[in-house]
Amino acid sequence: MSGEDTRFMALALALGARGHGRVWPNPPVGCVIVKDGRIVGRGWTQPGGRPHGETVALAQAGEAARGATAYVTLEPCAHHGKTPPCAEALVRAGVARVVTAIEDPDPRVSGRGHAILMAAGIEVETGVLAEDARVSHAGFLSRVERGRPWVSVKLAMSFDGRIATSTGESQWITGPEARRWVHAARARHDAVLVGGGTARADDPTLTVRGLGVSHQPVRVVASRRLDLPLDGNLAKSAREVPLWLLHAEGAPGTAEWNDLGARLLPVAEAEGGLDAPAMLTALGSAGLTRVFCEGGGALVAALLKADLVDELIGITAGLALGSDGRAGIGPLGLDALADARRFVLTEARDLGGDVLHVWHKG
């Protein structure tokens, strides 16, 4: 792996990241085509998942792709779907070398893309910035390999871990810069997930605001009985911004919510609530790859107890609300520290006077 390979792959990863939250169920692939040390084509997977990054880069490169090197963040696809395989497009374009970061675990690809390239006499090298690519493609990899989306849990809280006062007041514990960061994080995910209690208490919109973005994540609410206000912000906007409702079989109100434009996803129940693994399996089957969970406490506790949280994001403010304030996470039933899942700190920084800390599953 040369320094040039690393540099161009890093650029491809940066381009691919532009697709986060916008290309599901497809992976956010970036591609850079280089000839004689000069970039002749750049591309990333477009909104909705098509065209793929390689297709965009090849179109930009044109005849200059012949004899060039293509840097791709994920093994080029090998199956015929709504578009022809990218591996075959690279062959037709006459590229001489393809450098990829990681192999695609999708059974329809999984080594076949590389095999098509090598059968055509194209030099193939893989493993360049592989760890960075696994981070960028974490959602897609999770859906393919585990059948569920990557789950990030975000809590904005006081120094003593409270998300609201005893009366439920929570706006605003953290400052404007932190709230802006949260909106940007929503935009990088396929969906925003909250529990029914949060939806009832806060009457949220769960949209991205103030950033000038042209797309919105899917809003997902987990409500076993579908006892959500039919005149609330979510209901009013269900036809404008996608709203999916996870609920128990036979829950009342399905007809009303269907008429409002919501998508209904029935899942199994467990321990008086919705079964957490079943919820995520349903979301993965529907194509979601990256989910941003913003509470409430019962939902977060259920996800943690089922070991379904991949990333914890805390934004801590410099105030204390006391033990009578509302906790961000419901009871976990832990009797020993050894039973608690340990996460590894990956980022910590100031965020307009608040502290952002990000933790990944160890």
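1. Among contacts (heavy atoms within 4.5 Å) between residues at least 6 apart in sequence, 72% join residues at least 24 apart. The model is predicted: local features need pLDDT of at least 70, side-chain atom pairs count only at pLDDT 80 or more, and totals for chains, interfaces and linings use all residues. Residues are numbered from 1 along each chain as its sequence is written, and side-chain values use heavy atoms, with hydrogens and water left out.

2. The protein has twelve helices and 18 strands; these are DSSP runs numbered from the N terminus, helices being H or I of at least four residues and strands E of at least two. The radius of gyration, taken over C-alpha atoms, is 22 Å, close to the 21 Å from the globule rule (2.2 Å times the number of residues to the power 0.38) for 362 residues, so the protein is as compact as a globular protein of that length.

3. Of the 362 residues, 50% count as buried, meaning under 20% relative accessible area with a 1.4 Å probe, protein chains only.

4. Nine strands form an open sheet of mixed pairing, in the order β11-β10-β9-β8-β14-β6-β15-β18-β17; two strands pair if DSSP finds at least two bridges between them. At its edges, β11 (263–267) and β17 (343–351) each pair on one side only.

5. Within this sheet, β6 (residues 150–157) and β14 (residues 290–293) pair in the parallel sense over four bridges. Residue S152 stands opposite F292 in β14.
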